[in-house]
Amino acid sequence: IILFGIIVLLIVFGGFVRLSHSGLSMVEWNIVTGILPPMSDSQWQEAFEKYQKSPEYLLVNKGFSLPEYRTIYLIEYTHRLIARSAGLVVLIPLAIFLLRGTIPISRSGPYITIAGLFVAQGLFGWYMVKSGLIDEPQVSPFRLTVHLLIALALLGLCMRQVFQISRQALTVKQRPAMHPSIDQRSARLSLALLGLIVVQIAYGGLVAGFKAGNVSDTFPLMFGTLIPSELLSLEGSWWMNLVANEVTVHFVHRWFAFVIFFGAMFAYSQFRKSDSPESLTQLSLLALILIGLQIVLGILVILYHVPLSVALIHQTVGVLIFASVCALNYRLFYRTA
């Protein structure tokens, strides 16, 4: 549960780092010496001189003062510090539990996977940042999206372990009985909804990476029309336009949200009509409400040119939608009320 909270914090704070244009302020990744920020004027000056050689300074922040640089540096430093702390929260207890036998080797797979994903997330985070330190002051949208999806995988695994451990902690008599009304159709429907949400969040990562949220500031029209002519403007195959054309990425992310909303509405109606446990109906309703709220927030982000506060709430609600549908699927998987 603690890890779940830290991961949510990292995702939201990562959005703040990106929207405040702070992510490329630290041009090095020192695992040990980078634990502390510059402590003296000379150290700050040295870090600033390294930044002045980066594409972001040369092409975007030319003339930045040292105090301005300190501000964006400390934002990115805080992000990395939280990530390091999360790694310690994973690795230290895991090592102790494995040595003591609290977690038997036979059941250690999910925990080791979580630890491995945390390491991969850190390495991939630096791999992402490096892409913005070469020629263009912008990280690769594809690396940013993978970075986000790894975070989602960590969230999902942590939730799985919470559900599984909670159930295992109960005696056989205390465990909720297998509910007969939970059928395969409901399970497939919930799993499909989760898949759609992951695709939509991945497109959100691409929108962020391409800065495609600023492509159009009108809704429902884009450039005065419902279907802009620029959707297939990139040379090459149509699928390249789907993932590399910022207009298309924005368009898909904008309208796919309604596909998910109607899918969630259908799922809720199915749970309500069937003899499903009340908790499942409530979870599906919660997901539906959050998705509706997310659409409103997304429209506000478009109309008001990606304001920082609304964009961060939009990102947070996206994580909550993912978590609520994960919870729904885990309830169905364990077939309990």
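Is Phe 210 buried or exposed, judged by relative accessibility? At 17% relative accessibility, Phe 210 counts as buried. Here buried means under 20% relative accessible area, exposed means over 50%, and partly exposed lies in between (1.4 Å probe, protein chains only).

The model is predicted, so local features need pLDDT of at least 70 and side-chain atom pairs count only at pLDDT 80 or more, while totals for chains, interfaces and linings use all residues. Residues are numbered from 1 along each chain as its sequence is written, and side-chain values use heavy atoms, with hydrogens and water left out.

Helices are described first. Helices (H or I, at least four residues) and strands (E, at least two) are DSSP runs, numbered from the N terminus. Helix 11 covers residues 308-334. The expected span of a helix is 1.5 Å times one less than its number of residues.

Aromatic rings come next. Rings of Phe, Tyr and Trp (its six-membered ring) pair if their centres lie within 6.5 Å. Planes under 30 degrees apart count as stacked, over 60 as edge-to-face, and the rest as tilted. By this rule there are 16 aromatic pairs. One of them joins Tyr 51 and Tyr 57. Their centres are 5.9 Å apart, their planes stand at 70 degrees, and the pair is edge-to-face. Tyr 51 is buried, because its relative accessibility is 0%. Tyr 57 has 9% relative accessibility, so Tyr 57 is buried too. The pair of Phe 142 and Phe 210 is edge-to-face because the planes of the rings lie at 90 degrees, with centres 6.0 Å apart. This pair links distant parts of the chain. Phe 142 lies in helix 6 (residues 141-169) and Phe 210 in helix 7 (residues 184-210), 68 residues apart. Phe 142 is partly exposed, at 39% relative accessible area.

Ring pairs also build a cluster. Its members are Trp 44, Phe 48, Tyr 51, Tyr 57, Tyr 69 and Tyr 73. Elsewhere, a charge meets a ring. A charge sits over a ring if NZ of Lys or CZ of Arg is within 6 Å of the ring centre and within 35 degrees of the ring normal. The charged end of Arg 143 sits over the ring of Tyr 127, 3.6 Å from the ring centre.

Charged side chains also pair with each other. Side chains of opposite charge can pair when their charged atoms come close. A salt bridge is a side-chain nitrogen of Lys or Arg within 4 Å of a carboxyl oxygen of Asp or Glu. The structure holds four salt bridges. Among them is the one between Lys 50 and Glu 28, at 3.1 Å from N to O. It links distant parts of the chain, 22 residues apart. Lys 50 is in helix 2 (residues 41-51), whereas Glu 28 is in the loop between helix 1 (2-19) and helix 2. Lys 50 is partly exposed at 31%, and Glu 28 is partly exposed at 34%. Lys 50 also forms a salt bridge with Glu 46, at 3.7 Å from N to O. Lys 50 and Glu 46 are four residues apart in helix 2, so about one helical turn separates them.

Another salt bridge joins Arg 80 and Glu 76, with the closest N and O atoms 2.9 Å apart. These two residues are four apart in helix 4 (residues 66-100), so about one helical turn separates them. Arg 80 is buried at 9% relative accessibility, and Glu 76 is buried at 4%.

Asn 245 is found in the loop between helix 8 (238-244) and helix 9 (246-273). Asn 245 is buried, at 4% relative accessibility. Its side chain reaches the backbone oxygen of Glu 230 at 2.8 Å and the backbone nitrogen of Val 247 at 3.0 Å.

Conventions. A polar contact is a pair of N or O atoms within 3.5 Å; within protein, one must be able to donate a hydrogen and the other to accept it, and residues adjacent in sequence count only if both atoms are side-chain atoms.
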